[in-house]
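This report describes one protein chain for a reader who has its sequence and structure at hand.

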Amino acid sequence: MPAENFTVIPDLAYSPDHFKHKLNLFLPVDGDSSTEKRPLILFVHGGGWKRGDRNWIRGMYHNVGRTMAKNGFACAVISYRLAILSHVAKTLFALLISSIVMTVFLLLSSLLNILSFSGPLTWVWTNAFVIFFVLCLLALSWFFYIFQGDPFEYQHQLEDVGRSLKYMIDHADEYNIDKSRIFLMGHSAGAHLITLLDLNEDCWRACGLTSSDMSSIRGVVSISGPYNLGRLNKHPLYRQWYIVPAFGIAADTTSLRKASPLTYVRPKSHPFLLLNAAWDFHLPRDAKEFQLALEKVGNRVEMANASMTHGSIIHEIGTTKDRVSPIIIDFIARCLSEKA
């Protein structure tokens, strides 16, 4: 049943090993103080495996927790250890951004020069090179700040997702959560991590999860996820920006196949809801391939697309522009109505 309000327990440590090993737990609050145990949604954010956080940019992902809690679900929004761009890649991207900024600046200056009635704006040209290097420095500093992180690859991130799930199962009674009714939900890189964890037995066993723990999962909501990393690796820019930081500079066809959820499709997996945006890079192709593979071995898969972007499909959950939370809530409700 939908809750009239919600509360949040911030910064719960699901492991003591790293400052990223924390989660925010959003819980429904009923007007009648109901003691009914709530299903749990474990949400894993995206960010290309190398950026993001449960509190990312003024609590960008809090909207997911709030919306799910207001609809009667407990929702754990987790942080996990991140990969990091190489210094060379960061420097090149910083120079690219600063060059674009400088070009726009000079074009605008030229336009002002043409429109000026007081003669040439000579100060612009005199100081152009100084300004260019200042902009380069600012852009470089910004990139080093925004993309700072830890040299952790996807295996560490899978371990973190598994640990957070184990923590919530072990502590479910403390938060009035029904540990037999759990859903995994993730966006972008987070969608990759939850689907890989769910399908790959070696992964979840390495995280300390048991068959009994995994049997508590009732469904998987995967939003704009990459399921075939070989496709992502084909684009040189995507390889440097996404593949190398998270999967290693030596990542090749074999290692990326091992890291792709598509590889581990098997019969009798949990129900899947695959959501994509209309403007979602190549990811709808990944989702279709993943759907067909799952259905081929008899699994239940539902797909939906929204006229949104890769970012807005998750960031606008709970807003007036939200087009996906009703689909998610309906899917979860139907999964819960079925016998486990």
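## A pair of strands

The model shown here is predicted. In β5, the residue that bridges to Arg 38 is Ile 177.

Is β5 enclosed or open to the outside? Of its 11 residues, 9 are buried, so the strand is largely enclosed by the rest of the structure.

## The whole sheet

Strands of a sheet pair through backbone hydrogen bonds, and the pairing may be parallel or antiparallel. Here 8 strands make up an open sheet with mixed pairing, in the order β1-β2-β4-β3-β5-β6-β7-β8. Strands β1 (5-13) and β8 (301-309) are at the edges; each has a single partner strand, so one side of each lacks a neighbour in the sheet. From one strand to the next, the twist averages 20°.

Helix α13 (residues 283-296) packs on the sheet and touches β7 (272-279) and β8. The direction of α13 makes about 155° with that of β7.

## The chain as a whole

The secondary structure of the chain consists of 15 helices and 8 strands. The chain has 340 residues, of which 52% count as buried. Among contacts with a separation of 6 or more, 78% are between residues 24 or more positions apart. The accessible surface is about 16,000 Å², and carbon and sulfur atoms account for 61% of that surface.

## Salt bridges

How many salt bridges are counted? The count is 19. One of them pairs Arg 54 with Asp 11, with 2.7 Å between the closest N and O atoms. This pair links distant parts of the chain, 43 residues apart: Arg 54 lies in the loop between β3 and α1 (56-59), and Asp 11 lies in strand β1. Arg 54 is buried, at a relative accessible area of 6%, while Asp 11 is partly exposed at 37%. Arg 54 also forms a salt bridge with Asp 53, where the closest N and O atoms are 3.7 Å apart. Asp 53 is buried, with a relative accessible area of 13%.

Another salt bridge joins the side chains of Asp 213 and Lys 166, at 2.8 Å from N to O. Asp 213 is in helix α9 (residues 211-214) and Lys 166 is in helix α6 (residues 154-170), 47 residues apart. Asp 213 is buried, at 8% relative accessibility. Elsewhere, salt bridges with shared partners connect Asp 17, Arg 81, Glu 159, Asp 160 and Arg 163 in one network.

## Cysteines and a buried serine

A disulfide is a covalent bond between the sulfur atoms of two cysteines. The count for this chain is 0 disulfides. Cys 203 is in no disulfide, and the nearest cysteine sulfur, that of Cys 207, is 6.8 Å away. Cys 203 is buried, with a relative accessible area of 14%. Cys 75 is buried too, at 0%.

Ser 325 is part of helix α15 (residues 325-337). Ser 325 is buried, with a relative accessible area of 6%. Apart from neighbours within four places in sequence, Ser 325 contacts Thr 67, Met 68 and Ile 317.

Definitions and conventions
Residues numbered from 1 in each chain as written. Predicted model: local features only at pLDDT ≥ 70, side-chain atom pairs only at ≥ 80, totals over all residues. Heavy atoms only, no water. Pairing = 2+ DSSP bridges. Helix = DSSP H or I, 4+ residues; strand = E, 2+ residues; numbered from the N terminus. Axes fitted to C-alpha atoms, helices over the stretch in contact; angles between N-to-C directions. Contact = heavy atoms within 4.5 Å. Buried < 20%, exposed > 50% of the residue type's maximum accessible area, 1.4 Å probe, protein only. Areas by Shrake-Rupley, 256 points an atom, 1.4 Å probe, with all protein chains shown as cover. Disulfide = S-S within 2.5 Å. Salt bridge = Lys/Arg side-chain N within 4 Å of Asp/Glu carboxyl O.
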